[in-house]
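Open your viewer and get ready to click along with this tour. At each stop you will find something to select and a short note on what is there.

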Amino acid sequence: MVAAAVLFLAAYSFQVIANLSEAQSTVVETIIWVTWLVFALDYAMCLLLARRRARWFVRNLHELLILALPVLRPLRLLRLVTLLKLLHRTAGNAMRGRILTFVLGSAALLTYCGALAVLDAEENAPGANITSFGDAIWWAMVTITTVGYGDHYPVTVVGRCVAAGLMVCGIAVLGVVTASVASWLVEQVSSGAAAAATVAEEPMRQEIRRLAEQVERLSALLEDADGGLRGGVAGASGDHSPSP
């Protein structure tokens, strides 16, 4: 599935960036439809292998929607959710640093796919101002970061839908990154405070250990003295006992 997703992305990128006509993109379209067939077979196998097929079907309606999107060319890129799902499974139980890497990688993939999608929708539209991949990637970067300079903007309905999706994804990505950094800072401050408290308490602990050792020695001396005193008293009692 990952290989199919990468092959699809390469073919679609070549088709959009080169701005191929229908006659020129026969081979590319064939590759795209073959990868679509792979996605369709994967969906069918998952449905057949599911224990509760009706429940799985309802919970995975978005998968069916992704399969039905070849009619709208720019939205075909939603098939690359496969890559995001694989990255999520890989980093789901990983440490915070790997999760942050996953989020940043997802943001980069979303930015690239957003640029391709808006370029596909806009490059041949009347009055469009996003007509090259450079303009598209710049527009995608300022959109996903919610900066929005306004020097480039979509004029088609599909392009504006792509822009709305990128804005939502940008807010989500920034939120995850901010939360990860804040969590890391809190952890660092907590560990630093714990280390400082340990250092500050060490002299007191040493003093407590020294006092405990002294108490043990005094207890041992008292026990020895008490044993000697009892022995002396017993001996004295034996000397004064009447002889038979």
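We begin with the whole chain and then visit single residues.

**Before you start**

This is a predicted model, in which local features need pLDDT of at least 70 and side-chain atom pairs count only at pLDDT 80 or more, while totals for chains, interfaces and linings use all residues. Residues are numbered from 1 along each chain as its sequence is written, and side-chain values use heavy atoms, with hydrogens and water left out.

**Stop 1: the whole chain**

Show the protein chain as a cartoon.

Now switch to a surface view. The protein chain exposes about 15600 Å², and carbon and sulfur atoms supply 69% of that area (the Shrake-Rupley method with a 1.4 Å probe gives accessible areas; for residues, only the protein chains shown count as cover). Of the 244 residues, 28% are buried. Here buried means under 20% relative accessible area, exposed means over 50%, and partly exposed is in between (1.4 Å probe, protein chains only).

Contacts (heavy atoms within 4.5 Å) tell you about the fold too. Among those in the protein chain with a separation of 6 or more, 61% are between residues 24 or more positions apart.

**Stop 2**

Select S13, which is found in helix 1 (residues 2–17). Is S13 buried or exposed? S13 counts as buried, because its relative accessibility is 7%. Leaving aside residues up to four places away in sequence, S13 touches A18, Y112 and L116. Keep Y112 in view for the next stop.

**Stop 2: the aromatic pairs**

Rings of Phe, Tyr and Trp (its six-membered ring) pair if their centres lie within 6.5 Å; planes under 30 degrees apart count as stacked, over 60 as edge-to-face and the rest as tilted. By this rule, there are 2 aromatic pairs to visit.

Select Y112 and F133 together. Their rings are edge-to-face, at 5.8 Å centre to centre and with 70° between the planes. Y112 lies in helix 6 (residues 96–122) and F133 in helix 7 (residues 133–144), so the pair links distant parts of the chain, 21 residues apart. Y112 counts as partly exposed at 26% relative accessibility, and F133 is also partly exposed, at 24%.

Next, select W138 and Y149. This pair is stacked, at 5.7 Å centre to centre and with 5° between the planes. W138 is in helix 7 and Y149 in the loop between helix 7 and helix 8 (157–239), so the pair ties together parts 11 residues apart in sequence. W138 is partly exposed, with a relative accessible area of 36%, whereas Y149 is exposed, at 58%.

**Stop 3: a nonpolar patch**

Select F57, V58, L61 and L64. Together they form a nonpolar patch on the surface, with about 340 Å² of accessible area. A patch is made of residues with over 30% relative accessible area and no salt bridge; nonpolar side chains (Val, Leu, Ile, Met, Phe, Trp, Tyr) are joined within 5 Å, like charges within 9 Å. A salt bridge is a side-chain nitrogen of Lys or Arg within 4 Å of a carboxyl oxygen of Asp or Glu.

Definitions and conventions. Helices (H or I, at least four residues) and strands (E, at least two) are DSSP runs, numbered from the N terminus.
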